[in-house]
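Have the sequence and the 3D view open as you read.

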Amino acid sequence: MSTAVWNGAGRRIHIQEVGPRDGLQMEKAFVPTAQKIAMVNALSAAGLAKVEVTAFVSPTAIPALADAESVLRGIERRPGTVMTCLVPNVKGAQRAMGAGADELNLVMSVSETHNLCNLRMLRSQSFAGLQEVIAVAQQGQAAVNVSLSCSFGCPMEGDVPEQVVLDWSQRFIALGVQGITLCDTTGMAHPAQVHALVRAFKARWPQTPLTLHFHDTRAMALANVLAAIDAGADRFDASVGGLGGCPYAPGASGNACTEELVHALQLMGYDTGVDLAALTQVAAGLPAQIGHDIPSAIVKAGPVHQLHPAPASLEEIRSRAHERLQATANGL
(Lines give C-alpha, C1' and ligand atoms only; values in the text may rest on other atoms or scores of the structure.)
Protein backbone atom coordinates (compact mmCIF):
# COMPACT_ATOMS: atom_id res chain seq x y z
CA MET A 1 0.00 0.00 0.00
CA SER A 2 1.44 3.37 -0.99
CA THR A 3 2.12 6.05 1.60
CA ALA A 4 -0.26 8.36 -0.32
CA VAL A 5 -3.29 6.52 1.10
CA TRP A 6 -2.54 7.93 4.57
CA ASN A 7 -2.98 11.52 3.32
CA GLY A 8 -6.38 12.09 1.77
CA ALA A 9 -5.53 15.67 0.80
CA GLY A 10 -9.20 16.52 0.31
CA ARG A 11 -9.90 13.64 -2.07
CA ARG A 12 -13.63 12.92 -2.22
CA ILE A 13 -14.84 9.56 -0.96
CA HIS A 14 -18.52 8.75 -1.46
CA ILE A 15 -20.12 7.03 1.54
CA GLN A 16 -23.27 5.07 0.75
CA GLU A 17 -25.57 4.09 3.61
CA VAL A 18 -27.18 0.62 3.62
CA GLY A 19 -28.45 0.45 7.21
CA PRO A 20 -32.15 1.12 6.52
CA ARG A 21 -32.23 -1.94 4.25
CA ASP A 22 -29.25 -4.24 4.86
CA GLY A 23 -29.22 -3.48 8.56
CA LEU A 24 -32.90 -3.44 9.48
CA GLN A 25 -33.74 -6.56 7.49
CA MET A 26 -31.70 -8.54 10.03
CA GLU A 27 -33.63 -7.20 13.03
CA LYS A 28 -36.29 -9.19 14.85
CA ALA A 29 -38.04 -6.05 16.05
CA PHE A 30 -40.16 -4.24 13.46
CA VAL A 31 -39.11 -0.60 13.34
CA PRO A 32 -42.25 1.50 12.77
CA THR A 33 -42.64 3.15 9.38
CA ALA A 34 -42.45 6.67 10.79
CA GLN A 35 -39.15 5.86 12.51
CA LYS A 36 -37.72 4.39 9.31
CA ILE A 37 -38.67 7.54 7.42
CA ALA A 38 -37.09 9.74 10.11
CA MET A 39 -33.94 7.61 9.99
CA VAL A 40 -33.58 7.93 6.22
CA ASN A 41 -34.26 11.67 6.38
CA ALA A 42 -31.61 12.14 9.08
CA LEU A 43 -29.04 10.10 7.13
CA SER A 44 -29.74 12.09 3.99
CA ALA A 45 -29.45 15.38 5.89
CA ALA A 46 -26.10 14.20 7.31
CA GLY A 47 -24.70 14.21 3.78
CA LEU A 48 -24.56 10.55 2.72
CA ALA A 49 -24.03 10.20 -1.03
CA LYS A 50 -26.56 7.39 -1.34
CA VAL A 51 -29.07 5.72 0.99
CA GLU A 52 -30.43 2.23 0.40
CA VAL A 53 -33.91 2.95 1.69
CA THR A 54 -35.59 -0.45 1.62
CA ALA A 55 -36.14 -3.63 -0.38
CA PHE A 56 -39.14 -4.42 -2.56
CA VAL A 57 -39.31 -8.08 -1.69
CA SER A 58 -42.01 -10.39 -0.39
CA PRO A 59 -43.16 -9.28 3.08
CA THR A 60 -43.29 -12.95 3.98
CA ALA A 61 -39.60 -13.32 3.19
CA ILE A 62 -38.52 -10.12 4.95
CA PRO A 63 -41.34 -8.87 7.23
CA ALA A 64 -39.06 -6.14 8.64
CA LEU A 65 -39.35 -4.30 5.30
CA ALA A 66 -43.03 -4.95 4.57
CA ASP A 67 -43.68 -1.18 4.49
CA ALA A 68 -41.37 -0.50 1.53
CA GLU A 69 -43.79 1.63 -0.50
CA SER A 70 -44.82 3.73 2.48
CA VAL A 71 -41.22 4.40 3.50
CA LEU A 72 -40.00 5.34 0.03
CA ARG A 73 -43.02 7.57 -0.63
CA GLY A 74 -42.71 9.23 2.79
CA ILE A 75 -39.06 10.29 2.79
CA GLU A 76 -37.72 13.74 1.97
CA ARG A 77 -35.56 14.09 -1.12
CA ARG A 78 -32.25 15.92 -0.75
CA PRO A 79 -30.36 17.08 -3.84
CA GLY A 80 -27.16 15.09 -4.08
CA THR A 81 -28.40 11.99 -2.23
CA VAL A 82 -29.43 9.02 -4.37
CA MET A 83 -32.30 6.95 -2.96
CA THR A 84 -31.75 3.35 -3.99
CA CYS A 85 -33.75 0.20 -3.28
CA LEU A 86 -33.00 -3.49 -3.57
CA VAL A 87 -35.28 -5.32 -6.01
CA PRO A 88 -35.17 -9.08 -6.77
CA ASN A 89 -37.36 -9.28 -9.87
CA VAL A 90 -39.53 -7.39 -12.37
CA LYS A 91 -42.45 -7.07 -9.94
CA GLY A 92 -40.17 -5.55 -7.31
CA ALA A 93 -38.68 -3.18 -9.88
CA GLN A 94 -42.11 -1.98 -10.95
CA ARG A 95 -43.12 -1.40 -7.33
CA ALA A 96 -39.92 0.50 -6.59
CA MET A 97 -40.16 2.71 -9.69
CA GLY A 98 -43.81 3.39 -8.93
CA ALA A 99 -42.85 4.60 -5.44
CA GLY A 100 -40.10 6.88 -6.80
CA ALA A 101 -36.79 5.02 -6.44
CA ASP A 102 -33.84 6.88 -7.98
CA GLU A 103 -31.96 3.63 -8.51
CA LEU A 104 -32.60 -0.12 -8.45
CA ASN A 105 -30.02 -2.35 -6.79
CA LEU A 106 -29.94 -5.92 -8.14
CA VAL A 107 -28.15 -8.77 -6.39
CA MET A 108 -26.71 -12.13 -7.39
CA SER A 109 -23.72 -14.13 -6.24
CA VAL A 110 -20.60 -14.92 -8.26
CA SER A 111 -20.45 -18.17 -6.28
CA GLU A 112 -22.73 -20.91 -7.65
CA THR A 113 -23.11 -22.53 -4.24
CA HIS A 114 -23.94 -19.29 -2.45
CA ASN A 115 -26.38 -18.26 -5.17
CA LEU A 116 -28.21 -21.56 -4.85
CA CYS A 117 -28.35 -21.29 -1.05
CA ASN A 118 -29.28 -17.61 -0.98
CA LEU A 119 -31.50 -17.20 -4.06
CA ARG A 120 -32.47 -20.80 -4.87
CA MET A 121 -31.22 -20.34 -8.42
CA LEU A 122 -28.23 -21.16 -10.57
CA ARG A 123 -26.17 -18.13 -11.54
CA SER A 124 -27.39 -18.43 -15.12
CA GLN A 125 -31.00 -18.33 -13.91
CA SER A 126 -30.32 -15.25 -11.77
CA PHE A 127 -28.64 -13.51 -14.69
CA ALA A 128 -31.57 -14.23 -17.01
CA GLY A 129 -34.03 -12.83 -14.46
CA LEU A 130 -31.94 -9.73 -13.82
CA GLN A 131 -31.67 -9.10 -17.57
CA GLU A 132 -35.44 -8.70 -17.58
CA VAL A 133 -35.30 -6.33 -14.61
CA ILE A 134 -32.64 -4.21 -16.32
CA ALA A 135 -34.78 -3.97 -19.47
CA VAL A 136 -37.78 -2.82 -17.42
CA ALA A 137 -35.65 -0.27 -15.53
CA GLN A 138 -34.23 1.11 -18.77
CA GLN A 139 -37.72 1.49 -20.19
CA GLY A 140 -38.66 3.41 -17.06
CA GLN A 141 -35.42 5.44 -17.16
CA ALA A 142 -34.34 4.21 -13.74
CA ALA A 143 -30.64 3.79 -12.95
CA VAL A 144 -29.43 0.27 -12.15
CA ASN A 145 -26.62 -0.91 -9.89
CA VAL A 146 -25.66 -4.58 -9.68
CA SER A 147 -24.23 -5.99 -6.45
CA LEU A 148 -22.15 -9.14 -6.86
CA SER A 149 -22.14 -11.15 -3.65
CA CYS A 150 -19.13 -13.23 -2.52
CA SER A 151 -16.76 -11.32 -4.79
CA PHE A 152 -13.97 -11.87 -2.26
CA GLY A 153 -14.75 -15.44 -1.28
CA CYS A 154 -17.55 -17.90 -0.62
CA PRO A 155 -17.98 -19.46 2.84
CA MET A 156 -18.68 -22.82 1.17
CA GLU A 157 -16.49 -22.78 -1.95
CA GLY A 158 -13.60 -20.73 -0.58
CA ASP A 159 -11.69 -18.35 -2.85
CA VAL A 160 -13.50 -17.04 -5.92
CA PRO A 161 -11.11 -16.51 -8.85
CA GLU A 162 -10.63 -12.87 -9.81
CA GLN A 163 -11.49 -13.66 -13.43
CA VAL A 164 -14.89 -15.03 -12.41
CA VAL A 165 -15.73 -11.72 -10.73
CA LEU A 166 -14.55 -9.73 -13.74
CA ASP A 167 -16.49 -11.95 -16.16
CA TRP A 168 -19.76 -11.41 -14.29
CA SER A 169 -19.06 -7.69 -14.07
CA GLN A 170 -18.53 -7.64 -17.83
CA ARG A 171 -21.90 -9.29 -18.49
CA PHE A 172 -23.77 -6.60 -16.59
CA ILE A 173 -21.69 -3.68 -17.83
CA ALA A 174 -22.43 -4.85 -21.38
CA LEU A 175 -26.14 -4.50 -20.57
CA GLY A 176 -25.64 -0.82 -19.74
CA VAL A 177 -25.97 -0.79 -15.95
CA GLN A 178 -24.82 2.40 -14.20
CA GLY A 179 -22.68 0.80 -11.50
CA ILE A 180 -21.22 -2.37 -10.01
CA THR A 181 -20.78 -3.22 -6.33
CA LEU A 182 -18.29 -5.89 -5.32
CA CYS A 183 -19.48 -7.38 -2.04
CA ASP A 184 -17.49 -8.98 0.73
CA THR A 185 -20.65 -10.78 1.81
CA THR A 186 -19.24 -12.79 4.70
CA GLY A 187 -16.15 -10.80 5.63
CA MET A 188 -13.55 -12.96 3.88
CA ALA A 189 -11.71 -10.16 2.05
CA HIS A 190 -8.17 -9.12 2.92
CA PRO A 191 -6.26 -6.00 1.81
CA ALA A 192 -3.89 -7.60 -0.73
CA GLN A 193 -6.80 -9.34 -2.46
CA VAL A 194 -8.91 -6.17 -2.40
CA HIS A 195 -6.14 -4.07 -3.89
CA ALA A 196 -5.57 -6.53 -6.73
CA LEU A 197 -9.25 -6.91 -7.67
CA VAL A 198 -10.01 -3.18 -7.50
CA ARG A 199 -6.96 -2.36 -9.58
CA ALA A 200 -7.97 -4.96 -12.20
CA PHE A 201 -11.55 -3.65 -12.33
CA LYS A 202 -10.50 0.01 -12.60
CA ALA A 203 -7.97 -0.78 -15.33
CA ARG A 204 -10.65 -2.49 -17.40
CA TRP A 205 -13.61 -0.16 -16.75
CA PRO A 206 -12.22 3.19 -15.54
CA GLN A 207 -15.51 5.01 -16.27
CA THR A 208 -17.85 2.54 -14.53
CA PRO A 209 -18.72 3.60 -10.96
CA LEU A 210 -17.40 0.90 -8.63
CA THR A 211 -18.63 0.46 -5.06
CA LEU A 212 -17.03 -1.77 -2.43
CA HIS A 213 -19.25 -3.39 0.19
CA PHE A 214 -17.22 -4.72 3.11
CA HIS A 215 -18.19 -6.59 6.25
CA ASP A 216 -16.24 -6.32 9.48
CA THR A 217 -16.79 -9.95 10.44
CA ARG A 218 -13.06 -10.46 10.99
CA ALA A 219 -12.24 -6.83 11.85
CA MET A 220 -10.70 -6.02 8.46
CA ALA A 221 -13.27 -3.62 6.97
CA LEU A 222 -11.26 -0.42 7.47
CA ALA A 223 -8.02 -2.04 6.25
CA ASN A 224 -9.87 -3.23 3.15
CA VAL A 225 -11.32 0.24 2.54
CA LEU A 226 -7.83 1.76 2.65
CA ALA A 227 -6.50 -0.90 0.28
CA ALA A 228 -9.35 -0.18 -2.13
CA ILE A 229 -8.73 3.58 -1.98
CA ASP A 230 -5.08 2.98 -2.73
CA ALA A 231 -6.13 1.00 -5.82
CA GLY A 232 -8.40 3.82 -7.05
CA ALA A 233 -11.80 3.17 -5.46
CA ASP A 234 -13.86 6.05 -4.07
CA ARG A 235 -17.32 4.58 -3.27
CA PHE A 236 -18.10 2.48 -0.21
CA ASP A 237 -21.21 0.99 1.37
CA ALA A 238 -21.51 1.11 5.15
CA SER A 239 -24.21 0.68 7.77
CA VAL A 240 -25.02 3.19 10.50
CA GLY A 241 -24.26 1.82 13.96
CA GLY A 242 -22.69 -1.24 12.34
CA LEU A 243 -26.18 -2.72 11.84
CA GLY A 244 -26.35 -6.01 10.03
CA GLY A 245 -24.87 -9.42 10.45
CA CYS A 246 -23.26 -12.37 8.81
CA PRO A 247 -25.43 -15.50 8.43
CA TYR A 248 -22.36 -17.74 8.15
CA ALA A 249 -20.67 -16.34 11.25
CA PRO A 250 -23.38 -16.11 13.93
CA GLY A 251 -22.61 -13.53 16.58
CA ALA A 252 -19.99 -11.77 14.47
CA SER A 253 -20.33 -8.18 13.42
CA GLY A 254 -21.65 -7.48 9.97
CA ASN A 255 -21.44 -4.42 7.76
CA ALA A 256 -18.69 -1.85 7.99
CA CYS A 257 -19.88 0.83 10.44
CA THR A 258 -20.63 4.14 8.72
CA GLU A 259 -19.60 6.48 11.51
CA GLU A 260 -16.39 4.54 12.17
CA LEU A 261 -15.49 4.76 8.48
CA VAL A 262 -16.32 8.46 8.20
CA HIS A 263 -14.40 9.20 11.42
CA ALA A 264 -11.24 7.46 10.18
CA LEU A 265 -11.32 8.90 6.67
CA GLN A 266 -11.91 12.45 7.86
CA LEU A 267 -8.95 12.19 10.26
CA MET A 268 -6.83 11.17 7.28
CA GLY A 269 -7.88 14.22 5.29
CA TYR A 270 -10.47 12.68 2.97
CA ASP A 271 -13.62 14.62 2.10
CA THR A 272 -16.66 12.44 2.79
CA GLY A 273 -19.20 15.25 2.72
CA VAL A 274 -20.72 13.76 5.88
CA ASP A 275 -21.56 15.53 9.14
CA LEU A 276 -20.07 13.05 11.63
CA ALA A 277 -21.90 14.49 14.65
CA ALA A 278 -25.28 14.23 12.90
CA LEU A 279 -24.50 10.71 11.71
CA THR A 280 -23.43 9.60 15.19
CA GLN A 281 -26.66 10.99 16.62
CA VAL A 282 -28.62 8.70 14.30
CA ALA A 283 -26.53 5.74 15.42
CA ALA A 284 -26.95 6.60 19.10
CA GLY A 285 -30.74 6.41 18.75
CA LEU A 286 -30.74 2.92 17.25
CA PRO A 287 -30.65 0.76 20.43
CA ALA A 288 -33.98 2.22 21.55
CA GLN A 289 -35.51 1.33 18.18
CA ILE A 290 -34.12 -2.17 17.70
CA GLY A 291 -33.98 -3.29 21.32
CA HIS A 292 -30.30 -4.12 21.69
CA ASP A 293 -26.82 -2.60 21.74
CA ILE A 294 -24.89 -1.75 18.57
CA PRO A 295 -21.19 -2.36 17.84
CA SER A 296 -20.35 1.25 16.96
CA ALA A 297 -17.08 2.27 18.61
CA ILE A 298 -17.78 5.94 17.88
CA VAL A 299 -21.08 5.85 19.77
CA LYS A 300 -19.35 4.12 22.70
CA ALA A 301 -16.10 6.13 22.89
CA GLY A 302 -16.80 9.27 20.86
CA PRO A 303 -14.52 10.72 18.18
CA VAL A 304 -10.86 11.33 19.04
CA HIS A 305 -11.43 15.08 19.26
CA GLN A 306 -14.09 14.69 21.93
CA LEU A 307 -12.16 15.75 25.02
CA HIS A 308 -13.06 15.16 28.65
CA PRO A 309 -12.83 17.61 31.56
CA ALA A 310 -9.93 17.25 33.96
CA PRO A 311 -10.84 16.11 37.49
CA ALA A 312 -11.88 18.80 39.95
CA SER A 313 -8.87 17.91 42.08
CA LEU A 314 -6.39 18.69 39.27
CA GLU A 315 -5.00 21.85 40.88
CA GLU A 316 -4.45 20.06 44.17
CA ILE A 317 -2.66 17.23 42.33
CA ARG A 318 -0.55 19.80 40.43
CA SER A 319 0.36 21.63 43.64
CA ARG A 320 1.51 18.45 45.38
CA ALA A 321 3.54 17.42 42.33
CA HIS A 322 5.32 20.79 42.41
CA GLU A 323 5.96 20.39 46.14
CA ARG A 324 7.55 16.98 45.58
CA LEU A 325 9.63 18.39 42.70
CA GLN A 326 10.86 21.24 44.90
CA ALA A 327 11.68 18.88 47.73
CA THR A 328 13.73 16.72 45.38
CA ALA A 329 15.59 19.80 44.13
CA ASN A 330 16.40 20.78 47.69
CA GLY A 331 17.76 17.32 48.42
CA LEU A 332 15.05 16.54 50.98
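## Charged pairs

Arg 235 has a relative accessible area of 25%, so this residue counts as partly exposed (buried means under 20% relative accessible area, exposed over 50%, and partly exposed in between, using a 1.4 Å probe and protein chains only). Its partner is Asp 234, joined to Arg 235 by a salt bridge with the closest N and O atoms 4.0 Å apart. A salt bridge here is a side-chain nitrogen of Lys or Arg within 4 Å of a carboxyl oxygen of Asp or Glu. Asp 234 is partly exposed too, because its relative accessibility is 23%.

A word on the source: this is a predicted model, where local features need pLDDT of at least 70, side-chain atom pairs count only at pLDDT 80 or more, and totals for chains, interfaces and linings use all residues. Residues are numbered from 1 along each chain as its sequence is written, and side-chain values use heavy atoms, leaving out hydrogens and water.

How many salt bridges does the structure hold? There are twelve, among them these:

| Pair | Closest N to O |
|---|---|
| Arg 95 and Glu 69 | 2.7 Å |

Lys 50 and Glu 103 link distant parts of the chain, 53 residues apart, in strand S2 (residues 50–55) and strand S4 (residues 103–109). Both Lys 50 and Glu 103 are buried. Strands and helices are DSSP runs numbered from the N terminus: E with at least two residues for strands, H or I with at least four for helices.

Finally, Arg 21, Asp 22 and Glu 52 are joined in a network of salt bridges.
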